[in-house]
Each structure stands twice: as structure tokens, then as C-alpha cells.
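Visitor: Could you walk me through this one? I would like to begin with charges and then look around a bit.
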Amino acid sequence: MKVWLTVLALAALSIAGVLALRKKTPVAQPPVDLRVFFTCDTRGRLVPCGCFTGQYGGLTRLKTVLDQAPSTNTIRVDVGDAIQGREDFELIQYRYLLKAYASMRFDALNVGQREAQLSADQLRALRQETPVPILSANLLDASGAPVFEPYRLVERGGHRIALVGVLDPRGLGENLGAGLTVERMEVTLGKLLPDLRGKADLIVLLAFTDEATLAALAREFYELDVILGGKVSQPAQKLETENRSLILYVTNESRALGMLKFKLAGRGKLENPAHEIMLMHEEIPQDKSIAALATDYRDEIRRTRLAIDDPSHLQADSIPGVRNAAAFAGTESCVSCHKTAAAAWEKTGHAGAFDTLVNAKADADPNCIGCHTVGFGTPSGYRREFAAQKLVNVGCESCHGPGSLHVEQYRSGAPVTFKFRPLGAGDCQKCHHGEFSRPFDWDRFWPHVKHGKEPARTATNP
């Protein structure tokens, strides 16, 4: 009897051991073909601005491209700087961007330096309402706690994939939002990665930093399988390999989409990697649902009182006790005397610049108004409450500066001592740059708006 009990006990222990071994040994998953789509540096571009034909970019085109991509075994992420800035209207716009990313089935958005300019309270509010997970492992609040999730685990083809977000604190300085600190990326990853490696078959780092630092992170942390960047001057020309990491990066204000594909054959085992940088060119149709979000954004800010509508807000950066020598007088005050220049101006697109905003229903959008009016964003310049009544279009003072003192001196008969500063190509490039212009060349652009001093007055030309 004792022998049988001993045999049964040993059998039970043997079965328990086998079950425990099975429990500890993960079942190998079959290889899976993965595609990772990623963006960076969108800067609020729901739609291309529309000032010129031939413009690239816009989430409207991005959605069209992604809708044609495979729907299974894909990962979609943004590396940072999706927001345009920290003004109240830019925060409103960001909420519509989040809806756009959700409609494109993005898995996560990393925090870039532009998002880190918002306050801790603003970011916490976004965390509660965002339809897409926002990540940042090293953006901390005043207590040292992460403001967002440090990472997110997703599953594709039975494989667990970790998406980790970090941003480079260098260059933020005083622009860092109130109540925030940024831990060095290397410190954060040193604490996070050893534990994360046991939870994931693939680790993808979303790193808002420059090209050299992307490579340095790869050399320091062998756990990183894929590193997607970030804070770069142009999209990657090739897929780079450093240590055990594949490195790819993209930028360009929503005009480029990065794609990395490979076969995931096991933990950290990437086979047959390939990449593509796709440009969102003008022939790509614009998705109507994203265009509708842009319309909804513009409708909301048309109804919303913004900080830029408050004259005291516009004077916040003024030096106490220092008064501007002149204010904006309006183009009408210039053309009665400068008739030759006025005749040239009326034949240009500058003379009808505000109408283009009205036609696009963007005439209340602060992102657009500055380059289509006179002096918007300054105490004496155009304000949204003016509608189309005054200081609209690209007028004389848009380039030459405030002219009230010049007008006042001339009309009073006093010596005209107020002089306008000389102009150059840099004055044009305040508006004619990037997506807001065809490639700017002074010799090509100036003939279209060319004007100069009025002819000397004579008896036949009073």
C-alpha cells in the first residue's frame, strides 16, 4: 500500500512539474509581416492651407493613403509635434487633430516639444478626453509622476509589441509648460527597458530627438528593436542600422509619411526589413471626413472668444512706458497719394488676399489671418471683430510697417520726418515660406508687385 501511495505521489509531482513547465514556457508564435506607418511634425495641418496650387500635405491626404493600406498587422503612430503651438486656438485645433488620428486608427501619439509647451493641467485634461493614447515616458509633473502612459502594449499576429514614447529636453528651456519637468531620455530608458523586455516581443521607441541622438540611443540600449524619430531636418534617405536597432525618421509638416515593414519571426528577430517615405502630393484626393473636421474647427473658433481678441493680451509683451511711434492707418490712407503704387497693387493677389480666406471659410482662423491682413496680432492691427471692414488684404503697411505718423505729418503740412525702413526678401518670406508659398525667389516674385517712389509733382501732375 505504501509503495502505491509513493508511486501516486511521484506521478502527481511529475504531472505538476510538466504543467508548471508548460505554464512558464511561452508558446512560440508564427512569424508575422508587420508594417509600421508613422508621422511627425504635423504642426496642425489638418488640411493644406490652400494659398497656392500644387501644395503637398494635410491629414486629408494622409487618411486617403492610409485607407488604401493593409488593414491587418499594421501599427500607426505619431512621433511628436502634431500640435501647432500653445495658443488657445491651437489647443482647440489639436483636439480636432486627435479626432483625425483616431479616424485613421492610430495606435499612439508621442509627445513632442510643441506638446510639452502646454501646461501640466492642459495635458491632464487632454489625457482624459483623447480618443488616441498619448505617450511619454519622461515627461513628468511636479511630483515626478508621468503625465501620460510611458508605453503601450499592442498585439499583432499573437506577438506583443511595446510602443514607448520619449522626447529630448534639449532646446525646450523656458518654453516647457508650467508644472512640468523632463527627465533625460537615457535615465528613463535605463529604468524602463529591462522590465519591458520581458513583456514584449518587439520594442518600438518613438523618440522626438535629432539624428545623432537616435543613433546614440541605439548604441546604449540593445533592447530597442525599432527607433522612429523625430526632431530632424528632413525625412530619412535610407533605413539605418545601429547596434541591434532599425532607425527611420520623418518630418515635413504632414507632407511625408514613413513606412517600415519587416517579418517579426520571434522576440527581437526582424527579417527582410524595407522602408518607404511617401510624399503627400497634390494628386492624392483629400478625404472629406478630415476636411469636415477642419470646417468644424474653424466654425468653433469663429464662435469662440480667443486671447488674441483681447487688446490687453496683445500688449502683454510691450515694454512698460514705451509707446509705438506709429499705428496702422490702413491702405486707404496710402493710395490717395501713392497712386502709381496703388495701381500696381490693385493688379496683384495681395489686393484680394482676404477674399481667399472668406471663400475658404478661414477668415476667423488666426493661423491664416496674419498673412492676409494688416498688422494682425499687434495692438493697432487687424482684429477678428473687424470682419472685412478695415485693415484687410495684404496692404501697404503689411510690408512697410505702421504709417499713421507718416500720414499725420503729411496731412498737417509739417515736414515728413518719419521714414519707412528699407525692405528686402526677408520681409516677403515672413509669409512666403514653406507650404504657404511656391519656392520663394525674389527675382521671380518681385516683378509681380513691383513699385517705387511716386513721380515728382509738376503742374501737369499735381
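Guide: Let us start with how charges are counted: Lys and Arg count as positive and Asp and Glu as negative, while His and the chain ends are not counted. On that basis the protein, which is a predicted model, has 55 positive and 53 negative side chains.

Visitor: And how far apart do the centres of the two sets lie?
Guide: The centres of the positive and the negative set lie 3 Å apart.

Visitor: OK, what about Glu223, is it buried or exposed?
Guide: Glu223 is buried, and yet this residue has no salt bridge. The nearest side chain of opposite charge is that of Arg197, which is 7.1 Å away, whereas a salt bridge asks for a side-chain nitrogen within 4 Å of a carboxyl oxygen.

Visitor: Where is Glu223 in the chain, then, and what does it touch?
Guide: Glu223 sits in the loop that runs between helix 6 (211–220) and strand 10 (226–229). Leaving aside residues up to four places away in sequence, Glu223 touches Leu193, Pro194, Arg197 and Ile203.

Visitor: Switching topic: how many helices and strands are there?
Guide: The secondary structure of the protein comes to 16 helices and 14 strands.

Visitor: What about the overall dimensions?
Guide: Taken along the principal axes, the C-alpha atoms fill a box of roughly 135 × 45 × 40 Å. The radius of gyration is 29 Å, while a compact globule of 462 residues would have one near 23 Å.

Visitor: And what share of the residues is buried?
Guide: Of the 462 residues, 45% count as buried. The accessible surface comes to about 23,500 Å², and 54% of that surface belongs to carbon and sulfur atoms.

Notes
Residues are numbered from 1 along each chain as its sequence is written. This is a predicted model: local features need pLDDT of at least 70, side-chain atom pairs count only at pLDDT 80 or more; totals for chains, interfaces and linings use all residues. Side-chain values use heavy atoms; hydrogens and water are left out. Helices (H or I, at least four residues) and strands (E, at least two) are DSSP runs, numbered from the N terminus. Buried means under 20% relative accessible area, exposed over 50%, partly exposed in between (1.4 Å probe, protein chains only). Contact means heavy atoms within 4.5 Å. The radius of gyration is taken over C-alpha atoms; the globule rule is 2.2 Å times the number of residues to the power 0.38. Accessible areas come from the Shrake-Rupley method with a 1.4 Å probe; for residues, only the protein chains shown count as cover. The place of a charge is taken as NZ of Lys, CZ of Arg, CG of Asp or CD of Glu.
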